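The following note collects points for a colleague who is reviewing the structure shown below. Each numbered paragraph takes up one topic.

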Amino acid sequence: MTTKSPFLLSEQQTSLLETLISEMEQPSLLWTSGYLAGLAMAQRRVSLAVKPQEAAAATVAAAPVAKSTLTILYGSQTGNAKRLAQRFAAESEAAGLSVQLVDVADYAVRKLKSETHLFVVISTQGDGEPPDSAREFFEFLHGKKAPKLDTLQYAVLALGDSSYPDFCGVGRKIDERLAALGAKRIHNRGDCDLDIETVAEPWWVDTLNLARTALAPAGSVAAPQQNANVIPLHPSASAWNRDKPFSAQVLENQRITARGTDKHIFHLELSLEGSGLHYQPGDSLGVWHFNPPSLVDNVLATLGVSGDQTFTHKGETFTLRQWFSEKLELTRLTRAFLVEHSSRVNAGVDQADLQAALAEGARDALAAFLGTHQLIDLLKRFPANWTAETLITSLRPLTPRLYSISSSQTVAEDEVHLTVAKVAYDAHGEAHLGAASGFLAELPADGQLPIYIEENRHFRLPKNADRDVIMVGPGTGVAPFRAFLQERIESGAAGRNWLFFGAQHFDTQFLYQTEWQDALKKKHLNRIDLAFSRDQQEKIYVQHLIEKQGAELYAWLQNGAHFYVCGSTDMEKDVKAALLKAIAQHSGKGDEFANAWFAEAQKEGRYSRDVY
Amino acid sequence: MPQEWNWKDIVEMTGKPSSVEVLKKDSDYLRGTLAECLQDPVTGSISHMDTRVIKFHGCYEQDDRDLREERRKQKLEPAFQYFIRTRLPGGVVTPSQWLALDEIAQKFGRGTLKLTTRQTFQIHGIVKRKLKPAMQAMNAVMIDSIAACGDVNRNVLCATNPHLSEVHRTVWQQALDVSAYMKPKTRAYYEVWLDEKKVSTTENQEPFYGDTYLPRKFKIAISVPPVNDVDAFANDIGLIAIIENGKLEGYTVAVGGGMGKTYGDAKTYPRAATVIGFIRPDEVNHVCETIAGIQRDFGDRSERSQARMKYTIDHMGLDRFKEELNSRLGHALEAPRAFKFDHNGDRYGWVEGEDGLWHLTLYIEAGRVVDDVLLGLREIAGVHKGEFRVTTNQNVIIARVAPEDRAQIDALVAKHGLDGYRGASGIRKNSMACVALPTCGLAMAESERYLPDLLLKLEAILDRNGILDAPITLRISGCPNGCSRPFLAEIALTGRAIGRYSLNLGGNFTGERLNTVYLENATEPEILAALEPMIANYAKNRLEDEKFGDFLYRTGVLSAA
C-alpha cells in the first residue's frame, strides 16, 4: 500500500510521510491516526472560538482570497438536504475551508456568476419537481438569464425517492445545466435514495477531499478560515431527531370519519411531555413505524422461511422477522429493485408486465407499476429466486414518514396532533395496507411512537398577523390548517381566515366539522367553502370552488392575503391553475399578469404549499 | 273572525305565549329562514326556528340517536336527517304514485317506506341536501306534504272499509274536500320547495289560521260503522258516517279526542272524543272549520301540553263549547244519530266490494315497508290497475282488483311472502307500533324495533293457553304522546325508559274506551308475568265473543272508575 494522496499533500510531504509510516506497526499507526485527528479537531475549535470582532476583522483580511470560498447551497422540502448541507459545511470548515452555507431560497441568483466553488444539495419532490424554496433558483438556472459559468467548479448531491419515476430529477437537471453553462464538475453527482447515507457518505468523503485540493493553493493545506457562515442548527432539532427519535406516548387515537365510508381517517394525539420538543404551525412530524405484521407474515411465508432465524447484514444482527418488520421498506419499491427482481424471476414465469414497466422511457408505465405493487405483489406475481438473505441486502432501509402536524403548540402545549388517512386497498387479490398509516391507525391509546419534528419554514403563517389567510386543504390536507387556525385564534390575529375543504361525502368525511362550525359561529373562521365531490351528480372539487369564488378571492389577495395549499401534488396543480385563471379574469389583466403575480407571491411567501 | 293576531289578545286569553307561538308569529307565514338554511353547506341541520317551521311543511328533523356519542367523538355533528310525511287524505294512492314514493325513498331516503297510523307515508333518512329534490319528485306525482305536521289540520283519516265501495268513494271525497278546505293558504311551501317566486302582497296570507295558526295539532277522522279502523274517538273531530239504505245521510260528530299525556303531570291525559250532534255532508267543511276556529281562539297558547282541543273543551266545559259552536254556526246541531262499531282493526285477506271488485288487505308489521315487503309491493304496483289504500293500522289494501286479476296478485303475494296474515295470530293482526328509537326525538324506549320480539313472547303465552287466534289489540309507543294510539288498545306499552314501559290495560276492541295504567315503569319480565295469568284466566273463563279488555273489567282485574 502506498500513501497516494495527490490532492492533499505535496510530493515532499508525501515522501516524508511514507518514510515515517514504513517503520510503524499497527499499534503505532492507530495511535498516530488518533493523534492527528486530535490535532485537526483542535484547529477546528480555534476557528469556532473566534470572537465577533476578530471574525469581522478576519473577514476583511480574508477578502482577497474570497474567490476561494466554497458555497454550499441547499434546497430542502422536508429537511434532509438541509441537515446534510449543515453537516457538510461544518466538516468543510473543520477541514480548513472557507465556507458559506445558504438556503437556496435566500440565495441571490445574480451572485452565481461570481462563485468559484459550489456544492448543491437538493431534493426532488414527487413527480420531479424542485422544493418550493428552490423554484426561483431552478427557473433562473434554466432560463435565458443564466450566466456563463466558465470559472465555476461544482458538485451536486441529489436526494430523491426511487419509487418515483423521475428519481433525483432535479439534482440531475441542475448538474447537467451547470455543466452546459460551462462549469467544471469536481465530482460526479451522487443520487441518494431514502436510505440517504448509503450514497451520501462515500460521496461526501470523496467530495471533501477533492474540495480541499481544489480550494487550496498547490502545495499547501488551506489554513482555517474565520469567515465561515454556518447557520447554527435549530435548538429543538438537536435534542431529538430522525436518527434519535423521541418516544411519544399515544394519548388518543380516534377515527374521525363516520361509519358508512371506507375512508379511514384518524386523529392522533401524542404526548411531547419531557421531550422539550417545539414546533410551529406548518411543521411536520417524522414518524417511525413497523411494517404491518400480516404483511411480514406473508413475505416470510412466500419465501418459505421462519421469522426466528437470525441474519447479519452490515454488522447488525436481527431475526428475519425483525428485518422485515422494523428495518426494511416493504411497501415502496424502486426501479433498481425491479431490475434486480427481474433478473431473478424464475424461468417460465411471464414477466411481460414487469418488463413493460422497465422499458426504456416507460415513465408512466413505471409510475403506474410502482404505484400498484408492493414487495409482496412482486414476489407473488413474478416468483423469483430470492433467499431471505439476498432479499434483505437488496431492499432499502425503512425510512420514517412525515405527516403535517394538525395542532398549534400554543394551544396543544405538551401535545402534538396528527391527521392520518389509513391507506388500505385490495389489489392482486389481496388486502394491502399503507405501511405507516396502517401502523398508526392500529396504534393503541397507550402505545409509544418514535417521532421527531421536521421543520417546514416555507409553510408559515404570515409574520404580520393582520394579513388574511386563504387555506386550501381537502382531505387530510386540512391538517396544517387546523394548526393555523388554532394559532391565529390563540394569538388573536386580526387577519381574516378563509378555508376551502373537500372530501367525497359530507355525512361521513367532513374532517373536524364541529371545530369549524364552532370557529364560524365565533367568527374566528370568516369563510368556509366546501366541495363534497360525490354528493351530487357532477363531481365538485376545491379547484372548482376557487374558480367560483374568483372575484372574492382576488379581492382578498389584493388586500395582501396569503394563500396556502396542502394535499396531493395533482390537487395543488389544479388549484394553482384555477387561481391563475381567477386572477387573470378578475384583475382584467390576463394570463401574463396572473403568472407574474404568482411568481411574485411565491417568492414573497404569499403562495405556499405543502404537497405530497 | 280574527285575522292578524296581536299578542295582547293572546296574552289576555291564555297568558304569556309559549316560545313556539313566538316562532310561528316570527316565521313570516311558515317561511322562516328555510331557504337560507337549506343552502348552508356547513351543517346538515337547520336553525331552531326552522325545525319548528319545517313541520308545517310535513318534515321533522331527527338524528340517529344511536350515533350521537360516536359522532361527537369523531368531531362530527349528529347525523341529522329528515322524514317527509305526505298529506294523503284517506290514504289512497295509485300504483304509479306508489312506485314514485318507492323511488324517492331509494334515491333520497334510506330506501324504505313507513306506513303511518294516520294513513300516510313517511320517507325517512333524507339528508338536508336531498330534501328539496325529494319534495319536487313528490310534487311531480301530485303528492304534497303541506300540513302533514305542525299546528294545523293534519292528514284527514277516512275509513277503508272495502265492502262499501260506493260509500268509501263518497267519504273519501269528503276527506279530500275537508283536507283541501283547511289547508294553510300561505305560499311558503311553494316558494321554499318548488321555487315559486315570492309575490309581495298586502292580502292576508292566512284568512282562517292567522299568523300563529292553531295552538296545537288538529286531527279529523271519518269513520264508517261497523268498523272503527280510524279510531274516530282519538281525534279532535271524529265524523261517524250514518248510512241508511245504502246512502250516506251525514255524520255523527264527536269532538275532543286525543291520546297524548305527560308522565307525572296529572293535568295531561288521553281523552276519547265526545259525541255532540249530527251534520249533513254539505256542512262538513264549514262545521269542521268552525270547531277548529273555537280551538284557535280559545286554545291555550301559553302551555303546549295544555293546548290540544280536548283540554280546551274541558277547560270551557262541554256545554259552553257547544254554545259557542252553535252561536258561531247560527243554529244548533241536530241530535246525534246512533251507530254501532264491531272493532277497530283491519280485516285481512280478500273481500268483494259491492261493485264486484276485490280488495286484499295485507298485514305489514309496524307499517315497515322494507326488504321483501318493499320488493313485493313494488312488483304488485307494477301490474296493479286499481289503487292502494293505507290503513290507520299501518297495513295496506290492494284495492279495486278485477276478479280476473286476482290470481296474478295472489302469485306475487305468495312469491314475496306477503301472505303472513294467513297464519298470523290474533294479537299480531291487531298490533301496532310507532317509530321511536333511533330517530324519534321524543322516544324514551324502543317501539317498532321491539314489537317483533314482544309479539313472539306474547304469542308463546297465548299458544300455551290455546288461544293464539284470539283477536286482542296490542299497541306499543316509545313515549306517552301516543302516535300509535296506545290508550285505546286492550294491551298497550308506553315507553318510560330504555327497557321500561307503563303497561296499560282495558281498552275495548272498538276503540271507544280508554285503557288504564296497570303497571308503571315495568320491565318485560314483569309485564309478561302480569299478563300470563290474565291470559290463562281469559282462555278458561271468557264468555262467547267476550273481548280481552271487557273480560278484565267483568272479572274485576280492572274496575270502572
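1. A salt bridge across the interface. In this predicted model, B:R129 pairs with A:D507 in a salt bridge whose closest N and O atoms are 3.3 Å apart. In total, four salt bridges are found across the interface of chain B and chain A. The count of residue pairs in polar contact between the two chains, both at pLDDT 80 or more, is 11.

2. Make-up of the side of chain B that touches chain A. Helix α5 (residues 68-73) of chain B provides the largest share of this side, with three residues. Sorted by class, the side comprises five nonpolar, three polar and six charged residues.

3. Extent of the interface. The contact involves 21 residues from chain A and 14 residues from chain B. About 1600 Å² is buried between the chains, and carbon and sulfur atoms give 51% of that area. Which three residues supply more of the area that chain B buries against chain A than any other three? They are B:V42, B:K75 and B:R129, which supply 43% of it. B:R129 is also the chain B partner in the salt bridge with A:D507.

4. Nonpolar cores. The largest nonpolar core holds 134 residues, and B:W98, B:L239, B:I291, B:L362, B:L377 and B:I491 have the most contacts inside it. Helix α17 (residues 524-541) of chain B gives the largest share of this core, seven residues. Another core, of 33 residues, lies apart from it and includes A:L333, A:F337, A:V345 and A:L395. As general background, nonpolar side chains in soluble globular proteins tend to be buried together.

5. Surroundings of B:I291. With neighbours within four places in sequence left aside, B:I291 is in contact with B:F218, B:I237, B:V253, B:V255, B:M309, B:F321 and B:L325.

6. A buried aspartate in chain A. A:D529 belongs to strand β19 (residues 527-532) of chain A. Is this residue buried or exposed? A:D529 counts as buried because its relative accessibility is 8%, under the 20% cut-off. Its side chain makes a polar contact of 2.9 Å with the side chain of A:W498. Leaving aside neighbours within four places in sequence, the residues in contact with A:D529 are A:W498, A:L499, A:F500, A:F501, A:L545 and A:Q549.

7. Helix α5 of chain A. In this helix (residues 135-142), the buried residues include A:R135, A:F137, A:F138, A:F140 and A:L141. Among the elements that cover the buried residues of α5(A) are β1 (70-75), α6 (169-180), α24 (590-603) and β21 (607-611) of chain A. A:R135 also takes part in a network of salt bridges that links A:E129, A:D132, A:R135, A:E572 and A:R609.

8. Salt bridges within the chains. Over all chains, the count comes to 84 salt bridges. In helix α6 of chain A, A:R172 and A:E176 are four residues apart, about one turn of the helix, and their side chains meet in a salt bridge (3.8 Å, N to O). A:R172 is partly exposed at 26% relative accessible area, and A:E176 is partly exposed at 43%. In general, an α-helix has 3.6 residues a turn, so residues three or four places apart point the same way. In chain B, the side chains of B:D297 and B:R296 form a salt bridge at 2.7 Å, N to O. B:D297 is buried at 8% relative accessibility, and B:R296 is buried with a relative accessible area of 0%.

9. B:P225 and B:P226 are joined by a cis peptide bond with omega about 15°. B:P226 is in the loop between β7 (220-223) and β8 (237-244) of chain B. The peptide bond from B:L437 to B:P438 is also cis, with omega near 5°, and B:P438 lies in the loop between β16 (431-433) and α16 (451-464) of chain B.

10. B:Y213, in the loop between α9 (188-194) and β7 of chain B, has phi near 55°. This residue is buried, its relative accessible area being 0%. B:D371 has a positive phi of about 45° and is found in helix α13 (residues 371-383) of chain B. At 61% relative accessibility, B:D371 counts as exposed.

Note on methods
Residues numbered from 1 in each chain as written. Chains lettered and ligands numbered in written order. Predicted model: local features only at pLDDT ≥ 70, side-chain atom pairs only at ≥ 80, totals over all residues. Heavy atoms only, no water. Contact = heavy atoms within 4.5 Å. Buried area = accessible area lost by both parts, 1.4 Å probe. Polar contact = N/O pair within 3.5 Å; in protein donor to acceptor, adjacent residues only side chain to side chain. Helix = DSSP H or I, 4+ residues; strand = E, 2+ residues; numbered from the N terminus. Nonpolar A, V, L, I, M, F, W, Y, C, P; charged D, E, K, R; others polar. Core = buried A, V, L, I, M, F, W, Y, C linked by side-chain atoms within 4.5 Å. Buried < 20%, exposed > 50% of the residue type's maximum accessible area, 1.4 Å probe, protein only.
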